[in-house]
Amino acid sequence: GGEERTELTGIFVEKPDNVVAIAGLSHKMTTHFTNDVCVYVCIGKDVLFVAKVDSTNLPRKPVMKWMKGKWMDLGSKAGKHLQFKETYDRNTKIYTFEMKMVKVVPGDAGGYRCEVTAKDKCDSCTFEISVEKKKPVEEKEQIDVWELLKNAHPSEYEKIAFEYGITDLRGMLKRLKKMKAVEPKVSDAFLKRLESAYSVDKGKKITLSVELVDPNAEVKWLKNGQEIKPSAKYIMETNGNIRMLTINKCNLADDAAYECVVGTEKSFTEVFVKEPPVTITKLLDDYHVVVGERVEFEVEVSEEGAHVMWLVDQELVRDDKAKYRFKKDGKRHWLIINEATLDDIAMYHVYTNGGHTKGELEVEEKELEVLQSIADLTVKSAEQAVFKCEVSDEKVTGKWFKDGVEVQPSDRVKISHIGRIHRLMIDDVKPEDAGDYTFVPDGYALSLSAKLNFLEIKVDYVPRQDPPKIHLDVSGNMVSQNTIIVVAGNKLRLDVEITGEPAPTVIRCSMNLSWFPVTAVEGRIRVETRTGLSSFVIEGAEREDEGNYNITVTNPAGEDKANIFIKIVDVPDPPEKVKCTSVGEDCATVIWEPPAFDGGAPIKGYLMERKKKGSSRWTKLNFDVYEQTTYEAKRMIEGVLYEMRVFAVNGIGISQPSLNSKPFMPIAPTSEPTRLQVHDVTDTTCTLKWLAPEKIGAGGLDGYIVEFCKEGEWKPANTDLIEKQSFVVRNLPTGEKMNFRVIAVNVAGRSPPALLGQPVTVREIMGQEYPKIRLPRELRTKYIKMVGEKINLVIPFQGKPRPVAKWLKDGEPVDVKKVGTCSTNVDTILFIRSAEREHSGKYTLVLQIENMEDKADIQIRVVEKPGPPIGVTVTDVWGFNAALEWKPPKDDGNCEITGYTIQKADKKTKEWFTVYEHNRRTNCTVSDLVMGNEYMFRVYSENLCGLSEEPCISKNTAFIPKTGIKAATYTEKDMSCSPKFTTPLVDRSVIAGYSTAISCAVRGFPKPKIIWMKNNMILGEDPKYLMMNNQGVLTLNIRKPGMFDGGKYSCRAVNTLGQDEVECKLEIRGMGGRPLSKVTTMSQRTV
C-alpha cells in the first residue's frame, strides 16, 4: 500500500528522430539529409540522437534511460560504438541528452525507446533505425513493417522480425491485432477511456482507471474475456465518476487484455508485464586453436531458459547450420564447432535482452614441433636398446622403420605411445638389429632418424703381459672431446671396454672427487663390472648429476685412467617478472625477463598466452617461437581485464609457465576536446570554452587540464582536474600573446591536446558595442501555438556593456502574473506555461544600452478548434440533389477557417455519412440522394486545429419524391401491437461439451426489447452465451455446456404495449446418455 504511482506526463521538449540507414548510398554523396518523417544516413557513418527535457516543473534532476527493443538497457553498452552525453542549460532549465552511435551497422536496426523519470513523473518516446538498400530519393514509397505484418502469413512473422530488426515481436503482434479492430464510435458511457496499453515491472502494481458519464453506473472488469472478482490481488475502487482497478504484485500471468464494461459499452486495453533483463554472468573466452580442433564457446546468463542469440561477425547464427551445434543446461549455453577450419576465424557475439559479450576465434594451420629427437645408440649383445622421441601434439600417431622397412611389434620388439612420447624398445639386442631407425609421424612430411650400433667385444690372446688400456667408444653420444650430453630424465649407460694382460680390474670410479666403491651395483647411480667391460649407469638423469667422471683400472703391468664430462640438459626455467607496461584501446605491451636457468641449451624464444580475468581458458598468442622479451598483444576487448603468462623454449622443450601477470585492462585515452574557443578576454584573464571529446571509450572521462604558454614550455593553468567545459585562466600578463590548449584525462592518461588556431592577445576590448537582437528565423513570422501548450521563446542578443531587456505586449509591459521573463548576458526568455487565447498579440522586445536601443516584434497567436457553423439550411431540392447554405461560425478559434465537412443521414436509419471534406465555401450541393427518402444534414467547421467539437444540424430536411407515380390517398394503418411469440422455445437434451442453440420467433411494434434468462436470472454479458436477433428470429447459442448449464431457460419480449415470455428446459447428458440435470417442463405465459 506504500508504493508510489508513477504519473505519465509529457515532459519532452524535443524527441529523437527516426533514422533510415542506406546500404547502397555512395560515401562521396551527402551522408546526412532529412525529410518530414526521418533522417537518412549512410551505413558506416555516425548518428546522433537528441532528446530534450524541460525541468521547470520537475521535483528533481531527470534520469534518462536509452533502451533497444522492449527492455535492453543501452547504458551498459557504452564504449567505442555507443557514446552518451548529458548537458544542462541553466537559463532555459532544459536538459539535453545525446546518444551517439559510431559507424552504424545493419545489426543496429530495430526499435528504440528513451525513458525519462524524475521522482513520480515519467515520460517515454520511441524511435526506429531501419536499413534500406537504395537511395531514399529514388524510392517511391517507404517500406511499412506494419503493412508487411498485416499481409504476411503467421509463419513468416519471425523471418520479418529478423529482417527488419524487430526485437519485441510479441508486442508488435498484439498491437497489430488492435490496429485491425474497428475504431470505436463516440461513447455515451465513457468520458475518458482506458489507455491503449500499459506497462509495469514484474512484482510492481499498476492502476487502470476510466471516467464515466454517469457517476452511479455499475462497471465490470474483464481479463481475457473473463470477469475479475475483487480480491487481495485485484482491488476495485470508486471515486465519484472515476472507476479504478489496481493489480498488485504483477507477474507474467497478468500480461493480458483487459476490458471495462458499462452496460453495452466497452473500453479495451493491454497490460505488458516487463521481465527483469537477462544479464551475462560469465563472459565468452577467446580461443586460439589449430585446424581440426574442437571449440566450445560457453556463456552463462542470470536466468534459466533465457533466450540467447548467437552472432558471427554480426550475422545471426541459425540452428539449421550443420557447422554449429547449440547446447544449453540451466543458465549455461554453448556454441560448439567440432572441427575448426580457417573459415571459422571471426568474432563471436552473444546477445541477451540485458547484456552482450564477445569472444575471438583464431585458427592456424596444424604444425608439428619436435621437442626431443631420437639419438644414436651403441649397445652390447643381449642388452636393451630404447629409441625415444617427443613431439608437440599428443594425438599424433606414427610408424617406426628399420632401413626403410616398417618395424612390426613382437615379443622382443615393443612400440609404445604415451602422451607426446613415442618409444621403440628392442630387448636382447642381436647383431642383425644394427641399422638406421626412422620415426615418421602420420600426416606430416617429417621424419626422425638415428643409428643403432652393435658393439662386439673381441679378446685377443697375448702371451705376454700388457698394461691395462681403457677404450672409450661413445659413438654419437660424444659431442666434443670427452663430453657427453644427456637429456634430463633419460637413462645414461656408458660401456667402457678395458684391455690388458692379465685382465685388469677397476679399482675406483669417481664423480667430482666423490668416490664410489667398485662393488656398488645398486642405486640410481651405479657401476656394473664384467670381464673386459665396465658400465657406468645413471637412471633418470638430473641436473645435479652434471660433472667430471673418471675411471682407474690396473693390472700387474700397470694402470690406466680416463676422464669424461657428462653434461645434463633440460627444459629451461619459466620466464620471470611478466608485467604489462602500457595499454591501448585494443592492445597491451607486455615485457618479461629471461629464465634464470636456460636448461643447458640456448633459449630459442618464447610462447605467450592470455586469458580474461576470472576465466580458466588460456588462449595462445603465437605458434611460432617469439625471440624478443617485449610483446604487443592485439585484438583485445576494451574494458575487459586480462592476465598473461609466458613459456620459454630451448632445444629440449618448453618450460613451465611463468607466474601470471597482474591483471590489466586495454583502455585508451579519449580523443581531443572539440570546438575550443575564446569566450572572453580581459587585461589579466582569458575565458575558454569547449565541448567533450567525440570519442570517450570505456575509460570514461575524469576531467580536463588547461595549459598555456607564451613561447616554449607549456604550463598548467589548473592543479586539479576540472569537470566543466569552461575555464577562466587568470593572472596573465597584459598585452602578451598567449597560446592555450585543453587536454582530456581519464584512467588511461592524457588525450591529444585541442589547440586554438592562433595566439590570443591578453587585452580587454574597450568601447561600446551597439545592442543587437538576433531574432530566430521561426519568430520572424507569426508564432502559432494551441491552447494549453507551452510557449518558451529564447532570443539571443549582443551588446556591451550588458544590455537591459524589456518585454511589451501590445505596447504595454507584460503582466508578470501571466507571462514569465528572464534575461542573461547573452539572451532573454519569454515563458508561458499554459497558453490561452488571451495570450495572443504583438510582443515587443526592447534592448537598451544607455541611449541606444534595438526592437523586435513577435506576433503570437494562440488557437483552438472553432465553433460550429450557423444556420445550416436546405435552400433547394431538385431531382436527386439538395442545395445547402450556412454562415461561418461565430468563433473561428482565433485562426482562419480552412474548410467545412458536410454529412448526410436518412431519417429512417439516422446513420451519418460524410459527403464532403475540406469544403472551402459556405454552400454546397449534395447529389446522388435516394428517391423516396428524407434527408437531414449537418456541417462541421475546420481550422488549423481540426474539426469543431459540435456540428450544426440543418433546420429543415430534403425529401426526394418518387416521380411518375401518382400518390394515392389512404389512411395509414396502425401497426402497433404488443409482443407475441409466433414460435415457442422447444425442450432440448444435449451432450455435455458440445455447443448448442435454442431459438424462437416474436413479433411486435414498436420493436420489443429481448431479455434471456436462466432459472429466472438475467444472463447479461456472460461470454459463454451469444444472443442474436435476426428479423424477429431469436437465437441463444450456448458454448460447450457443462453439467451446471442445464436448467430452465426463458425469453421475454417487452415493449410499451406489453410483454410476452416463453420457456423451455435444457437437459445435459453425459457421454453414456445418463442425464446430468433435470428441470421443469416448458410453459408459455402472455401478459
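Author: To begin with the cysteines, the sulfur of Cys945 has its closest cysteine sulfur in Cys895, at 5.2 Å, which is too far for a bond. This is a predicted model, where local features need pLDDT of at least 70, side-chain atom pairs count only at pLDDT 80 or more, and totals for chains, interfaces and linings use all residues. Residues are numbered from 1 along each chain as its sequence is written, and side-chain values use heavy atoms, with hydrogens and water left out.

Reader: How many disulfides does the count come to?

Author: A disulfide is taken as a pair of cysteine sulfur atoms within 2.5 Å. The sulfurs of Cys945 and Cys895 are 5.2 Å apart, so they are too far for a bond. By this rule the number of disulfides is zero.

Reader: Is Cys945 buried or exposed?

Author: Buried means under 20% relative accessible area, exposed over 50%, and partly exposed in between (1.4 Å probe, protein chains only). Cys945 has 13% relative accessibility, so Cys945 counts as buried.

Reader: In which strand is Thr901?

Author: Strands (E, at least two residues) are DSSP runs, numbered from the N terminus. Thr901 is buried, at 5% relative accessible area. The strand that holds Thr901 spans residues 899–906 and is E76.

Reader: What is the mean pLDDT of the protein chain?

Author: pLDDT is the predictor's confidence in each residue, from 0 to 100. In the protein chain, 85% of residues reach 70 or more, and the mean pLDDT is 82.

Definitions and conventions:
Helix = DSSP H or I, 4+ residues; strand = E, 2+ residues; numbered from the N terminus.
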